[in-house]
Amino acid sequence: MELKSRKVVITGAGVVSSLGDSPGALHSALCAGRSGARPIESFSAEGVGCPMGAAVEDFVPQSYLGDRNLRPLNRIAQLTAAAAQLALESSGWSDAMRREREVGLALGAMFCSVKTIAEFDRRALTAGPAYASPMDFANTVISAAAGQAAIWHNLRGVNSTIATGAASGLQAIAYAADLIRSGRATALLAGGAEEICFESVFGFYRAGLLCGSDPSSRGRANGHATFYSGYDKEGRHNGADHRDAGHFPIPFDARRNGFVLGEGAALLMLEDARTAAARGARALAEVRGHGGGFDCSRGWDTGHAVAAITRAMRQAMDDARLLPDEIDCLSASANGGVAGDRHEALAIEAVFGQREEPLPSTAIKSMLGEMLGASGGLQAVAMLETMRDGRLPGIRGLEQFDKDFPRHAISVCRQWRQLQRPRHALLNAVGFDGHCCSLALTARAEEF
Amino acid sequence: MRRRIVITGIGVVTSIGAGREVFWRNLLAGSSGISEIESFSTAGYRTRRGGEVKEFQAEDYVERLNPAGLGRASQFAIAAARLALEDASLSAGALAFEQAGVVVGTTSGEPQFVERFNDHYVKRELMRIGPELAMLYPCHVIAANVASELKFGGVNLMTPSACAAGNYAIAHAFDALRGGRAELMLAGGSDAFSRITFTGFSQLGAVAPERCQPFDRNRRGMIPGEGAGMLALEPLDRALARGARIYAEIAGYGLSCDAHHMTAAHAEGEGAARAMRQALAESDLLPEEVSYISAHGTGTPTNDRLETVAVKRVFDGAAYQIPISSIKSMLGHTMGAASAIEAAVCALAVFHDWIPPTINLETPDPECDLDYVPNQARRRRVEVAMNNAYAFGGANASLILRKRTWN
């Protein structure tokens, strides 16, 4: 069998987010322009410049996972297992089917749980090594959430965690699609997960990346390698002090001053189109192609940074055999970051600058926050809904376009808008260390 | 016709030496890299020995980046990557930069930055904490650092699949090359010592006090280790065209999940057997055609027993004819680097027709009754080598390498 001969379809989706725990609820909230960002309550945000986070509030894992013992699962594992449960239900993969056939899991995660690993170490530091919990140690490894979800749901196929920072989730979907295209697997859950915790919020605050951060209270990394730390090599904040924009992220806006962190989990059920059809599954969309690029300069060189994002988008379209004019909408990675949004905008101009009509686009991190490993999965779930009813969410808070924003290449609005039969969508994910991934999705023709 | 992918460069940083030649010589001699740990205080722990990489100077390898700004796992990975490129007679700029990629596996990433964070945190010195948890700790920086150092702009990611991560990375790179997404891949694994992993394995009751004795009746556990292994992988046609030395061809791999328990393997080796069978099927090989198995062989009472069960399940009677050894007896368990270093060992076994020993194997265990190549390296024709690795969360990975043939 030739490589890439198989079609990959999405037969279900599960999501747990700050804006709802179903694709429909998420879509309604995004189209209504609601923000999931609220003052953080799960830990004291005192001393943290950005007290906001888009957390999954009132998360009750039992409501998804039942009464089995949840104690071995930390928060990110519970979020992952809940999203997996919803994706398995929506795609019709019963317990009995999973005993018969292998289902795999490709999970994108940046930290998995930096909270668990930090707490494990603190217990050893303060009480002595003999008091650190062995069960917690198993949850410190970056693949722990994928392992826990596989145990919970009897997922016996490939079990892989993919880490490329904020590009992890989209990269995991791309990887899973390739496993199916090459005939290695016929069914995988793919997407990402991340949790909000003091450790990650404080880390990003000290990196100067959260919106509303006071640029004067800079942390000191020992020779940080990435430009996206928010500070230049002399220690100056590399964006203007736009604190008047407040504590909400506004992607592509001239006043943007950083992002808020979000959390959640989103998983798609990806299947070989033929085996999915054979079991009578409905296909929500097709994963048509993907592309990637790495910026060796890690953002320090604008030309390289833009070129890497450009490569990812072009490769994804080549892989999908689509031209720039055939793309109907774009889900941008932009999160309100000063440098990252600009690089993505310039890359979009390079790829779509010659289009006849500007490309309708959205940036849902304006409402969901930067969910790190979970972002790509959430973007994909939201895009499935856009393909279903044609409604494209707006960019919350957007008022003043950045001067580099290519308005002839893409069109963005503050409010949602109706698209006419969107067929092909492109999704972008750009990490903090040069990782870029793009994914091309195509609506199933019979849906229209 | 699928593209054939070969290994043309090997780079390792280990407790028994850095660089292919010295490593292989020490490995065949049965040298042990286990010693008293010096990089952090082991006061308060029940054991104090590990497979620590001593006398490592990042400055010897890191040319473009600032070595002081890199975590130890990144330093190891860059060193192994440079050694692999040099071994492959490739310069960093040999290819268009977007055609060259990096995939690295790890268990813990750069946990020393969590420790630095906590050292301040427990003293309530929050404002002395820098951005390390966001900027230096996340494991993706390892692959990013390797690629930035070498200016590789292609496929770049981490496969943090715990103690099977190296095999996951090599499998991923193999697919990227076969799918035409890259023309050169550096793939492997890296993990550095940290008090966090040392604490964790101690608390699991899995650490032996003195020696690692895989498959010995009196084995008392694993010994934590550190290091990195990176392989240079490229398509066969490209390797032949440039007259490269070819160590071995990647024949196939299998990945599976026990979906059983976070830290305990399945009692009948069900998932491990599925991974081995998948790898054999993809490689179009029969079990009896395998000439060497590099075991996961951690030296814990359960792992070695269950691994033996799994091998017998797949190989049946042939299991008794196939030499199987664990280099963890010499290096300790280098975690995410382990299966990458072991893949390098399989490539060298295939290339040199030598099999490294399992050292410290003195008393046979009736439950581990296969040929574990005790204490002495063995000269034997190695056509096909299988590399097995198992991880927390029940992830299993089997990789098969074979001698390059001309057909």
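Figure 1. A:G53 lies opposite A:L261, a residue of strand 7 of chain A. Strand 3 and strand 7 of chain A pair in the parallel sense over 2 bridges (strands pair if DSSP finds at least two bridges between them; strands are DSSP runs of E with at least two residues, helices are runs of H or I with at least four, and both are numbered from the N terminus). The open sheet of chain A has 3 strands in the order 2-3-7, with mixed pairing. Strand 2 (38–39) and strand 7 of chain A are the edge strands, each pairing on one side only. This is a predicted model, in which local features need pLDDT of at least 70 and side-chain atom pairs count only at pLDDT 80 or more, while totals for chains, interfaces and linings use all residues. Residues are numbered from 1 along each chain as its sequence is written, and chains are lettered from A and ligands numbered from 1 in the order in which they are written.

**Figure 2. The crossing of helix 3 and helix 7 of chain A.** The axes of helix 3 (residues 75–91) and helix 7 (residues 144–153) of chain A come within 9 Å and cross at roughly 45° (axes are lines fitted to C-alpha atoms, for helices over the stretch in contact, and angles run from 0 to 180 degrees between N-to-C directions). Helix 3 of chain A is therefore oblique to helix 7 of chain A (under 35 degrees counts as roughly parallel, over 145 as roughly antiparallel, 65 to 115 as roughly perpendicular and the rest as oblique). Residues of helix 3 in this contact include A:I76 and A:L88, and those of helix 7 include A:A144 and A:W152 (two residues are in contact if their C-beta atoms, placed from the backbone, lie within 7 Å).

**Figure 3. The two domains of chain A.** Chain A is divided into domain 1 (8–199 + 261–278) and domain 2 (289–443) (the bounds come from an automatic or database domain assignment). Their centres, taken over C-alpha atoms, are 23 Å apart. Domain 1 gives 45 residues to the contact and domain 2 gives 35 residues. On the side of domain 1 that touches domain 2, helix 8 of chain A gives the most, with 7 residues.

**Figure 4. The contact of chain B with chain A.** Chain B gives 70 residues to this contact and chain A gives 72 residues. Helix 5 of chain B supplies the largest share of the chain B side, 6 residues.
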